[in-house]
Amino acid sequence: MSLAIRTVTLHNSAGMRVTLINVGARLISIKVPVKGELTEMLLAYPNLNDYLDDSFYVGAVCGPVCNRISNAQFSLAEVNYQLDANAGDHCLHGGDNGLSQRAWQIERHTDQEVVFTLQSSQHDDGFPGNRCFTVSYRLTDDNSLQIDLQGQSDQMTPINLTLHPYFTLGDSTAENLSLTLNSSSFLARTDDGIPTRDIIPASALGQDISSGVVVKALIANSQYPQIMSDSGIDHCFIVDQAGPNKLGAVLKSSTNGVTLRLYSNQPALQVYSGGFLKQPFSPSQGICLEPQAYVDAPNQPDFPPIFVQTGQEYRHNTILQFSIRPK
């Protein structure tokens, strides 16, 4: 990929710093003061140019339909749309020309806010409609990063955006972090990530995710065959009582006392423990918590729909709130 990278840094009165780039409207760094030192919360490439050839979606905004669309196609108003099959037979995160791979426009930028925009035509990624996407990041003085993702189209089209940062909370591996999910169930899926339409109770994991469990223990002690065979999690959890700014997940580091609380208005949360990370990273070095709609919704009539009508506004709100355990 040959794109010009532009960097933006936000900062607040508490000393927190957030760095973003225009390629994929990506979060590439979140640094939080921990015991007087700025500590990195995210997995990041060593060089900016590495993001141009990134295959792990590190920190990216993914879409126009994130996660997988089965057989890289869907039908709408009796028209079949063929997409880019970039994950076996399926379309992942919008294909090879998805939003994560594009150069976004920086519309405005202050010390605590940046707004990115992107125009996408129906001919550049296989999805219907000429669409306009907006992503804004706002850093508040209580160490919260408020993220708003919006989309509009001149034709009916599916939209399901998500965020793809890999969280480390300053630890060398995400396996040491404690994870709590506000979820009682998750979507059963095939081995290549496509929902089977079955809903599995979270108790099938063999661990109590509602009260916090160390990621390494969750994987090692899981009773769910798919997690055992994959040596990790990559599943779509249904958020209990989804609504505006609903707490979806809590991630904690026992090493430095950092806690991340994730709030979102999205009905589901894809949890990916990074088991397939490779050089320059290592497996499970970071964990993704991806607020979104249900996977493969355009092809799953029983799932909540993600089709956006002409003139209607798609809106996704997520808050990443960081805090430090007092001494």
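Select β25 and show its side chains: Ile287, Leu289 and Pro291 point one way, while Cys288, Glu290 and Gln292 point the other, and all are buried. Here buried means under 20% relative accessible area, exposed means over 50%, and partly exposed is in between (1.4 Å probe, protein chains only). In a regular strand, side chains alternate between the two faces of the sheet. Strand β25 covers residues 287-292, and because 6 of its 6 residues are buried, it is largely enclosed by the rest of the structure. Strands (E, at least two residues) and helices (H or I, at least four) are DSSP runs, numbered from the N terminus.

A word on what you are viewing: this is a predicted model, in which local features need pLDDT of at least 70 and side-chain atom pairs count only at pLDDT 80 or more, while totals for chains, interfaces and linings use all residues. Residues are numbered from 1 along each chain as its sequence is written, and side-chain values use heavy atoms, leaving out hydrogens and water.

Two strands pair if DSSP finds at least two bridges between them. Strand β24 (residues 268-272) pairs with β25 in the antiparallel sense over 5 bridges, and strand β16 (residues 166-167) pairs with β25, also antiparallel, over 2 bridges. Now centre on Cys288: which residues stand opposite it in these pairings? Tyr166 has Cys288 as its bridge partner in β25, and Tyr272 stands opposite Cys288 too.

Keep those two tyrosines selected and turn to the rings. The whole structure holds 11 aromatic pairs, counting rings of Phe, Tyr and Trp (its six-membered ring) with centres within 6.5 Å; planes under 30 degrees apart are stacked, over 60 edge-to-face and the rest tilted. The ring centres of Tyr166 and Tyr272 are 6.1 Å apart with planes at 70°, so this pair is edge-to-face. Because Tyr166 lies in strand β16 and Tyr272 in strand β24, the pair ties together parts that are 106 residues apart in sequence. Both Tyr166 and Tyr272 are buried. For another stop, select Tyr45, Tyr51, Phe56 and Phe281, which form one aromatic cluster.

Finally, colour the cysteines. How many disulfides are there? A search of the whole structure finds 0, a disulfide being a pair of cysteine sulfur atoms within 2.5 Å. Zoom in on Cys66: its closest cysteine sulfur, in Cys62, is 7.0 Å away, too far for a bond. Cys66 is buried, at 1% relative accessible area. Cys91 is in no disulfide either, with the nearest cysteine sulfur, that of Cys66, 11 Å away. Cys91 also counts as buried, at 1% relative accessibility.
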